[in-house]
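Reader: Could you walk me through this structure? I am new to it and would like to begin with its charged pairs.

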Amino acid sequence: GICVILLLLQVWCYVGDPNWEAFPDECRVQGCTRVSLNAPQRTEGLEVLLLKGTTVDAVEQKVRQWVDDAPNWGEDCDWIGEFPQDDTTQIQVIGSAAVTAQTFLRACCRTTGWKFLDDIVWQLSTVTCGTGVTGTLIELHSELRAGRGDGMINWYRASAFFAYLREEFNSTYTPFADSC
């Protein structure tokens with residue numbers, strides 16, 4: 001009985017791939033943490049970040065390192081890809097900042113224990129503040145593939161990622177809301 005249910009959940013995880021090639025507009029399920037300028041969800045203690053004076057390429061390297069080298073609190077994660085955004089001329093004005101989406105990054109992680117698949121994605125954007133400060137804005141979306149609840153696993157994953165960024169970019173790391 002229980003083995004059949006677990007097998008069905010594993011199959012559901014694999015066929016439930018959202019095939020995202022751009023940052024999703026919102027969470028599809030409750031088991032989602034979204035640290036974003038638009039439609040944030042379950043962000044307690046987490047904020048959209050600006051890495052001042054840091055390039056998109058430098059941030060992408062650190063994201064890739066977090067996925068590949070497992071400083072990601074012990075989960076087994078796989079890199080799916082990088083998807084440069086086609087319309088980088090689309091500038092979003094937020095307060096005194098000009099924000100331009102540059103690239104979308106995607107990985108999937110298997111939860112410890114049950115090995116359920118969750119998707120984690122990042123939107124990296126260039127920012128130019130009215131004050132002249134420039135850098136890379138990081139938004140994150142981590143969502144389960146199967147079921148509704150995740151026991152806050154996606155929030156913990158997001159927290160681990162942002163803690164990693166604080167270590168890697170400690171002098172340039174700042175909440176976006178306080179930056180421009």
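**Charged pairs, a helix and cysteines**

Author: R157 forms a salt bridge with D118, and their closest N and O atoms are 3.1 Å apart. A salt bridge here is a side-chain nitrogen of Lys or Arg within 4 Å of a carboxyl oxygen of Asp or Glu. R157 belongs to helix 3 (residues 153-168) and D118 to strand 6 (residues 117-129), so the pair ties together parts that are 39 residues apart in sequence. Helices (H or I, at least four residues) and strands (E, at least two) are DSSP runs, numbered from the N terminus.

Reader: Before we go on, what kind of model is this?

Author: This is a predicted model: local features need pLDDT of at least 70, side-chain atom pairs count only at pLDDT 80 or more, and totals for chains, interfaces and linings use all residues. Residues are numbered from 1 along each chain as its sequence is written, and side-chain values use heavy atoms, with hydrogens and water left out.

Reader: Are R157 and D118 buried or exposed?

Author: Both R157 and D118 are buried. Buried means under 20% relative accessible area, exposed means over 50%, and partly exposed is in between (1.4 Å probe, protein chains only).

Reader: Why do such side chains pair?

Author: Side chains of opposite charge can pair when their charged atoms come close.

Reader: How many salt bridges are there?

Author: The count comes to 12 salt bridges. One of them joins the side chains of R28 and E143, at 2.5 Å from N to O. This pair links distant parts of the chain, 115 residues apart: R28 is in the loop between helix 1 (2-15) and strand 1 (32-35), and E143 is in strand 7 (residues 134-144).

Reader: How accessible are R28 and E143?

Author: R28 has 47% relative accessibility, so R28 counts as partly exposed. E143 has 0%, so E143 counts as buried.

Reader: Where does D76 come in?

Author: The side chain of D76 meets that of R110 in a salt bridge of 3.0 Å, N to O. Because R110 lies in strand 5 (residues 97-110) and D76 in strand 3 (residues 76-84), the pair ties together parts 34 residues apart in sequence. R110 is buried at 16% relative accessibility, while D76 is partly exposed at 38%.

Reader: Which residues do shared partners join into one network?

Author: Salt bridges that share partners join D17, R106, D119 and R145 into one network. R145 is in the loop between strand 7 and helix 3 and is buried, with a relative accessible area of 10%. A polar contact of 2.7 Å joins the side chains of R145 and D119. A polar contact is a pair of N or O atoms within 3.5 Å; within protein, one must be able to donate a hydrogen and the other to accept it, and residues adjacent in sequence count only if both atoms are side-chain atoms.

Reader: Turning to helix 2, which of its residues are buried?

Author: In helix 2, the buried residues are V56, V59, E60, V63, W66 and V67. They lie on the same side of helix 2, because they cover an arc of only 120° around the axis. The arc is that of the directions from the helix axis to the C-beta atoms.

Reader: What covers them, and what is on the face turned away?

Author: The cover includes strand 2 (49-52), strand 3, strand 5, strand 6, strand 7 and helix 3; contact means heavy atoms within 4.5 Å. The face turned away from the buried side carries the exposed residues D57 and Q61.

Reader: And the cysteines: how many disulfides are there?

Author: The count comes to 2 disulfides, a disulfide being a pair of cysteine sulfur atoms within 2.5 Å. C27 and C32 form one, with sulfur atoms 2.1 Å apart, and this link is left-handed, with -60° about the S-S bond. C77 and C109 form a disulfide with sulfur atoms 2.1 Å apart, and their link is right-handed, with 105° about the S-S bond. C77 lies in strand 3 and C109 in strand 5, so this pair ties together parts 32 residues apart in sequence.
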